[in-house]
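The following note sets out several points on the assembly shown below. It takes up the fold of one chain, two interfaces and one ligand site.

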Amino acid sequence: MSDQDLQALWLTARLAATVTALLLLIGTPVAWWLARTGSRWKGPVSAVVALPLVLPPSVLGFYLLLAMGPEGLVGRLTQALGLGLLPFSFGGLVVASVFYSLPFMVQPLQSAFEAIGERPLEVAATLRASPLDAFFSVAVPMAAPGFLTASVLTFAHTVGEFGVVLMIGGNLPGATRVASVQIYDHVESLAYPQAHRLAAVLLVFSFTVLLAVYAWRPAARREA
Amino acid sequence: MSDQDLQALWLTARLAATVTALLLLIGTPVAWWLARTGSRWKGPVSAVVALPLVLPPSVLGFYLLLAMGPEGLVGRLTQALGLGLLPFSFGGLVVASVFYSLPFMVQPLQSAFEAIGERPLEVAATLRASPLDAFFSVAVPMAAPGFLTASVLTFAHTVGEFGVVLMIGGNLPGATRVASVQIYDHVESLAYPQAHRLAAVLLVFSFTVLLAVYAWRPAARREA
Amino acid sequence: EKITIAAAADLKFAMDDVVTAFRQTNPGDEVEVVYGSSGKFFAQIQNAAPYDLFFSADIGYARELAKAGLAASEVRPYAVGRLVLWSASLDARGMTLASLADPRITRIAIANPRHAPYGQRAEEALRAAGVWAQVEPKLVYGENIAQTAQFVQTGNAQVGLIALALALSPELSARGGHALVPERLHQPLEQGFIITRRAAGSALARRFADFSASPPARAVMDRYGFVLPAGAAGR
Amino acid sequence: MRDIEARFQLERPGFTLDVDLRLPGRGVSALFGVSGSGKTTLLRCIAGLERAARGRLVVDGEVWQDGSRWRPTHQRPIGYVFQEASLFPHLSVQANLRYGLRRSPGASDTPLTQAIELLGIGHLLARRPAQLSGGERQRVAIARALAVSPRVLLMDEPLSALDLRRRQEVLPYLDRLHDELAMPLLYVSHAPDEVARLADHLVVLEQGRVQAQGPLRETLSRLDLPIRLGEDASAIVDARVTEIDAAWHLVRVDFDGGHLWARDPGLVLGQRVRVRVLARDVSLALAPGTSSIQNVLPGVVDAVGDDEHPGLALVRVRVGDALLLSRLTRRSAAALQVAPGQALWVQVKSVALLE
Amino acid sequence: MRDIEARFQLERPGFTLDVDLRLPGRGVSALFGVSGSGKTTLLRCIAGLERAARGRLVVDGEVWQDGSRWRPTHQRPIGYVFQEASLFPHLSVQANLRYGLRRSPGASDTPLTQAIELLGIGHLLARRPAQLSGGERQRVAIARALAVSPRVLLMDEPLSALDLRRRQEVLPYLDRLHDELAMPLLYVSHAPDEVARLADHLVVLEQGRVQAQGPLRETLSRLDLPIRLGEDASAIVDARVTEIDAAWHLVRVDFDGGHLWARDPGLVLGQRVRVRVLARDVSLALAPGTSSIQNVLPGVVDAVGDDEHPGLALVRVRVGDALLLSRLTRRSAAALQVAPGQALWVQVKSVALLE
Ligand SMILES: Nc1ncnc2c1ncn2[C@@H]1O[C@H](COP(=O)(O)OP(=O)(O)OP(=O)(O)O)[C@@H](O)[C@H]1O
Ligand SMILES: Nc1ncnc2c1ncn2[C@@H]1O[C@H](COP(=O)(O)OP(=O)(O)OP(=O)(O)O)[C@@H](O)[C@H]1O
Ligand code: MOO
Ligand SMILES: [Mg+2]
Ligand SMILES: [Mg+2]
């Protein structure tokens, strides 16, 4: 495997890890709110969260490119803030992927939170746990399988991301040329053996990680 | 909007619906088995099911193209069965998408089944329900939110599918030119207004569907 | 110094060799090449993509960018592409466009005529040869010319209309022969490049632009079947 | 042979179930034992919910489990009331009740209709389980188990969340039920009065093993066992109604050793009844006195045993053919010089007619 | 004012809670009522788990709820034992027990250590809740609620899954607990013996409304109420230990109206005790006889009332300052010509010393 391949793999891992971490921070409160609110905004917010799903990645990438470009709304904002432009940078990929993978984090988490029900949180409250405390000490551990599913889906989905990255990444080695793009490049260059090799590495690596994750997977907890 | 655009939208809807229906059939037993087995194959099978996630769609598409081509294993099989070759056909897209979207069906369903626990099924058995009967009359309705999440993720993911379709679709109007490809084509042809229009239609349509689905969403059931 | 070049997919092998040649004479410089479809590069450059030179498969894209003020140089033609019939499973050497009507040929790959220059020319040629009506139902469309070649190479399409440059590449020439499509059957595949606005101050970009018109580069291009457009020599 | 033959071994970390039971094919068998003694586990084995249990189970001549044979739960004609109500949260009360009924070919609506009325849950049919109180949930669970017209009824503390009055309404119903349907009922309970009232057969479990089993009457009059029943040690006497005193709402029941007056639960002349006499209600005297105690019978001391409490003694007195238990302080026993063979008067403050 | 003042209105489909209670700031208040009468709902209101409830709640002078003021559950110093054990399924027994303790600044380990020992759950600490029996779960839930050293303890039928022996061990402990900690205990129970044993104050709920409330002694000796207690109608007498008969394991307790002998639960001389005398254990006689009944006291009939059963009467007899209840057949009452003002002998077969 070439240095470029290794670089692409490493970039992919960094991107997926960053996006998963950010989405755990962003998606968890959203999922929690959706799971427990009775607000009439619940439906619309759910739909908005799910929207990135139905947008084809290349289309999403195109519109993100327009939005984050020098004439786009986001682009003007980031420029005004002195952040420069997001497309064609690692930061841009992260922002786009967070947006793109949001539903993969939120939906499984929401289901997991809903499955907990009210009672454990009521019990926690009677045992002096503030809502925040109960969230971390009861809801989060009880939703552990959901967190696992959500994180695996998010991480994997980011690793497998292609259309968005191709559009707003610009295929820059070390910054935006992730493994999926690199393999695609190999394929487009008709360099099949190289493509096979990198794909195999990605596959074996992913399989190993998944196997480890599932071996450690917390058993679903039954009511007590 | 042109006829071609409408045709692409219709094709997309058909593809997503077919894939979701098939995956409900295929993914449900897999998820059920994973949720309840104590077998040591559970980890490996979970990992295999999750694998399509980490494969970039274009890469997956490329290997499906190889596998389903005249020299590939699948291709030889389909030819021997008199089915011809799968690439560049609606059937091929369906097969590829089923493979590609499998984890989106299986993982939320598995979480939902796990959250049910043993007790309701034990109760059902004492009330004369065979395992199959209990599955349909207890597990499925109790996992309803999970089915919804899984179906929405699967449907949406298929609508948004691009890389795989691009690789094995061949862009044939009415057979494999789905909306995502059509929008991309507009973009590539610099026909931005057409791209915007189709993307907007797709967006509004999807949002409406999602909103309807979430409005109807069964409230998560609490323990009783 | 460092530059990034966006190049059309048909240039893949030729440009790699040009860059190798350039590096030999300019060892201290870094040159990255990104290949893709011209339409996508166009959209990206409009949105400030960090490409210093853009080698388009259709000179039209380059002209559009120049018109929009996104070029730091005039539009320079650098090659005229050629279409060939190529197959991995059949012997394409004796084929003509008329052979495509043969019912034993069920799948024919061309690039998407809507946005890929090679696709547009392929359609023109098929029409001009009078076989469009018979051939059209058998067509499958690649997103760009490289993907079109892939369809053929994997055997999913028996024949494809691809770039001569690709058919001459080591990967494809080993698998099957090709037959040139007569130039008169379609508009010329005139290809052009620009230095983008962001590279206005880059000496390296200018040097590479100049190098690409230099004899060593031309030799490489010739090897891949790219003829120099009439009147472009010496610029 | 309509008996239930149940032999099970089940290993769990820190607990082993190892029982060999023969339960009568009709009537109520009470499962008694402290928390954690394996009562629930035993019921689960019988229901076929513990696949890991080895052993043999024959019900009514049919082998439900033996070596490799294994009849799955849904093919065992049982009714099971779980220790926690365990209603289906996704179904209304009505749908919960009909769930098993719909799956029991040939079962009639009648038991369910009766149960709904008797358990007072008619007004709850449209609700979801989450909208019920604890006792309401338990009542729905009982009705649901009865609706399938089971051939064996397994009940794990079904009345624990019910108030006294409701319990007193449900008990005679269960009583009648197992009688009419000639269906054996396995009943886990911590309430000795429930056991004494309902049970024909008693199984005492301790740490997963059978400590005692046998017909209730016999088991109850064993002086080494009643201690487990504490305040509720009692004897059972079979008798017949011979007089009804309508004015005072009393009935007289005769048995071999004499007669007893009891309040009238609405009996008819000549009816056979089961009389429960609590040991704590029986005092001994050397002569019959004049007190509000109406039932004074001559008897002969049969045996003197220990009570749970060191200050108390349990005395078994033969009254005619019947054996009564009396619980008194050891000091009183000494003062009266109670010893086997001694003749004395038995004062019975009150008795309960169970049927 | 260390009282609890609780006024709540809560509307539910088909049910309305509307109560106005004043509960003593120490001792046990028992909540009594049939299934569905609103007991759980009331406890939930007090715990702050029903945000929809309007009303006013003042505990120990602190306003927990009033109009717009609302103290959230986790800031109310309560201990709550839910009707279903509701252990955290993801935590071990040990972690369940320490959950609240860790969040109660200044709370000591002692209550938990004591509770673990007394409830016999020490060997279960490493288990998961799913691996416990029903009674074991309930015991863990009780210990968990006690561990937070609450200032008010709310218990919703905490002993319903416990066997008699365990219950008899836990009851004195709860007794001592609320005594030592001077902490009010609100206790929902269906078991009259528990209520009679523990409670100082009784609240009877019916269809969401308070039907009766008052001190236990007073409420119990009301002749119109004991019927709710059925077999367990009883009177409470305060007494002091005056003699210990070690040989016979008996103690003598004196009260204003005389003395009673009871079995010795391990008391010390001079100790104050609460004596529970069940109406069913009290018979009346015109003359003291020689029977195994040790406790015979002179008394005067105070009132004659109705029992639940038409054949029975409840007679209230004044013995010194104390009021005892006797339950006898109307026929006996007639035979003895029982009437207010009549002097007679009260035979008490057995009494329970509650402390
Ligand atoms: N979530 C709910 N929605 C609607 N009604 C409810 C809900 N919870 C309880 N109820 C009703 O409110 C009434 C009081 O319920 P509550 O749980 O307070 O009764 P309880 O006195 O505790 O009874 P039990 O002894 O059976 O536990 C009942 O009629 C019950 O059906
Ligand atoms: N899933 C399990 N894993 C391990 N041990 C268990 C499991 N379930 C129950 N036990 C243990 O097995 C023993 C018997 O449990 P079982 O539930 O049969 O008791 P029980 O007699 O029904 O008690 P209770 O009256 O408290 O309900 C207990 O010691 C319990 O801790
Ligand atoms: O090189 Mo192209 O833009 O795929 O025809
Ligand atoms: Mg149990
Ligand atoms: Mg309740």
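**Note on the predicted assembly**

1. Chain A contains 11 helices and 0 strands, where helices (H or I, at least four residues) and strands (E, at least two) are DSSP runs numbered from the N terminus. Its sequence pattern is α-α-α-α-α-α-α-α-α-α-α. Along the principal axes, the C-alpha atoms of chain A occupy a box of roughly 65 × 45 × 30 Å.

2. On conventions, the model is predicted: local features need pLDDT of at least 70, side-chain atom pairs count only at pLDDT 80 or more, and totals for chains, interfaces and linings use all residues. Residues are numbered from 1 along each chain as its sequence is written, chains are lettered from A and ligands numbered from 1 in the order in which they are written, and side-chain values use heavy atoms, with hydrogens and water left out.

3. Between chain B and chain C, 23 residues of chain B are in contact with 23 residues of chain C, contact meaning heavy atoms within 4.5 Å. The area buried there is about 2000 Å², with 54% given by carbon and sulfur atoms; buried area is the accessible area (1.4 Å probe) that two parts lose on being put together, summed over both. Phe88(B), Glu188(B) and Leu190(B) supply 30% of the area that chain B buries against chain C, more than any other three residues.

4. The elements that give two or more residues to this side of chain B are helix H3 (57–68), helix H9 (163–169) and helix H10 (179–188) of chain B. By class, the side of chain B that touches chain C has 15 nonpolar, 5 polar and 3 charged residues. Here Ala, Val, Leu, Ile, Met, Phe, Trp, Tyr, Cys and Pro count as nonpolar, Asp, Glu, Lys and Arg as charged, and the others, Gly among them, as polar.

5. The count between chain B and chain C is 0 salt bridges, a salt bridge being a side-chain nitrogen of Lys or Arg within 4 Å of a carboxyl oxygen of Asp or Glu.

6. For chain D and chain E, 66 residues of chain D are in contact with 65 residues of chain E. The two chains bury about 5100 Å² between them, 48% of it on carbon and sulfur atoms. Within chain D, Arg263(D), Arg280(D) and Arg331(D) lose the most area to chain E, together 14% of what that side buries.

7. Chain D and chain E have 5 salt bridges between them. Asp245(D) pairs with Arg331(E) in a salt bridge whose closest N and O atoms are 3.0 Å apart. The side of chain D that touches chain E divides into 24 nonpolar, 22 polar and 20 charged residues.

8. Which chains surround ligand 1? Residues from chains D and E do, so the site is shared between chains. Of the 19 residues around ligand 1 (a heavy atom within 4 Å of it), Arg127(D), Ser133(D), Gly135(D), Glu136(D) and Thr41(E) come nearest.

9. A polar side-chain atom of Ser133(D) is 2.6 Å from an oxygen atom of ligand 1, and a polar side-chain atom of Glu136(D) is likewise 2.6 Å from an oxygen atom of ligand 1. A polar backbone atom of Gly134(D) lies 3.2 Å from an oxygen atom of the ligand. Taken alone, ligand 1 exposes 640 Å² (Shrake-Rupley method, 1.4 Å probe), and the protein buries 90% of that.

10. Helix H4 (134–147) of chain D and helix H1 (39–47) of chain E are the elements that give two or more residues to the shell around ligand 1. That shell divides into 2 nonpolar, 12 polar and 5 charged residues.

Definitions and conventions. A polar contact is a pair of N or O atoms within 3.5 Å; within protein, one must be able to donate a hydrogen and the other to accept it, and residues adjacent in sequence count only if both atoms are side-chain atoms.
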